Structures are given as structure tokens and as C-alpha cells.
Amino acid sequence: MPAGLVQTYRAFAHNNAWANHRLLTACAALSQADFEAERTGFFPSLQRTLNHIHVIDLFYVDALEGGWLGPAAWKNDVPHLSLAALKPAQAAIDKRLIAMCDALTPEILNGIVRINRDTRVQAERRDRLLMHLLQHQIHHRGQAHAMLSETSVAPPQLDEFFAEGEAPLRATEFDQLGWTEETVWKA
């Protein structure tokens, strides 16, 4: 497996955190009532959808780190009632995912992760599990994006992936996250 593939996972982890930051920053302009309001989606509110992203991240990132949290991750499916509580919690789990991806090597990426499913143990290749987690995020952020478009808050653009020529457009957000372009694209 070429080193470039490891870098791809690192970049995806950063892009994931950046998209979460953009979406949660936009949602911060909502009232608590708008955050909790029933909307169309798998999890019928922004509050429930964004908390779902968070608890599933906890589940998978813990497993990727070798933990055994398992389904206890979603024992409380809305652990963060307010966006003020959810945003730093999501940022913390995003940092854990980035740190885990920063430590990847081709050998680690090919390794097996054991996932506590309570009634069984799922064994999954790390690269496949990471792809699953990132796709899960993209799917539910898309639903949250659509829900946000039903409010007075304009949803942020989430369909970008760090085009080199657009670095100046994300510089402020990268600064807020404590990143530079080199942070994302380090060899």
C-alpha cells in the first residue's frame, strides 16, 4: 500500500473535522427551539441528527483506538442538548480521529479492528472501517445540511475537498481549528 493512501486518510479526517466545524458553526446561529424543531430526516431534528453523528463517532473512534465502549456510546442518543455543549464534544472526537489517522502506517491501515457489538465481536479491516465512518458522517451531515436549509440560517458549503487554489478561502477556518495547509498535507 503506497504512503499516498495513508495521506489520503489523514486528509479525509481533516476534511471531516472541517465540515463538522463549518456545519456546527452555522447551526450556532439557531435558537434552541430551531435546533430542537422537528424536521424531515432519519433523526428528525438538527439536535438529534448532529448528536447521532457524535455518538456513532464515539463508537467507531473508540474501536479504532482499541477501546471497548461498544453500544454504550449511544446509551443516551442525545447527550448534548445544546449546540454549545455539542460543538466542543464533536471537535474533541474529530481531534481523536485526526490523531489516529496521523499515526497510520500502511501496516496499521491493513490491520484488523475489533468492534464490541455487545452480542458479538465484529472484526473489520481498519481501512474499511474508516471508509464506513467517513461515509456515515457525510450521509448524516447531508441530512443536517438539508434541515438547516429549512431555517433562516444559510447552510455552509460542505462539498469541497481542499482544492489547492482555494486555500485562501478556508484560511480563517483553518486558523480557528489551529491548522495550516501543511498540517493537512504533511508527508
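Which residues form a nonpolar patch on the surface? In this predicted model, the patch consists of Phe12, Phe161 and Trp185, with about 270 Å² of accessible area together. Patches are made of residues with over 30% relative accessible area and no salt bridge, like charges being joined within 9 Å and nonpolar side chains (Val, Leu, Ile, Met, Phe, Trp, Tyr) within 5 Å. Accessible areas come from the Shrake-Rupley method with a 1.4 Å probe, and for residues only the protein chains shown count as cover. Phe12 is found in helix α1 (residues 3-27); helices (H or I, at least four residues) and strands (E, at least two) are DSSP runs, numbered from the N terminus. With a relative accessible area of 34%, Phe12 is partly exposed, where buried means under 20%, exposed over 50%, and partly exposed in between (1.4 Å probe, protein chains only).

Residues are numbered from 1 along each chain as its sequence is written. As the model is predicted, local features need pLDDT of at least 70 and side-chain atom pairs count only at pLDDT 80 or more, while totals for chains, interfaces and linings use all residues; side-chain values use heavy atoms, with hydrogens and water left out.

In helix α7 (residues 167-177), the buried residues are Ala167, Arg170, Glu173 and Phe174. They lie on the same side of α7, because they cover an arc of only 120° around the axis, the arc being that of the directions from the helix axis to the C-beta atoms. The face turned away from this buried side carries the exposed residues Pro168, Thr172, Asp175 and Gln176. Just after α7, Gly178 takes a positive phi of about 80°.

The structure holds nine salt bridges, each defined as a side-chain nitrogen of Lys or Arg within 4 Å of a carboxyl oxygen of Asp or Glu. One of them joins Arg22 to Glu173, with the closest N and O atoms 3.1 Å apart. Arg22 lies in helix α1 and Glu173 in helix α7, so the pair ties together parts that are 151 residues apart in sequence. Both Arg22 and Glu173 are buried.

A further salt bridge links Asp102 with Lys186, the closest N and O atoms being 3.4 Å apart. Asp102 belongs to helix α4 and Lys186 to the segment after α8 (181-185), so this pair connects parts that are 84 residues apart in sequence. Asp102 is partly exposed, at 26% relative accessibility, and Lys186 is also partly exposed, with a relative accessible area of 37%. Salt bridges that share partners join Arg22, Glu160 and Glu173 into one network.
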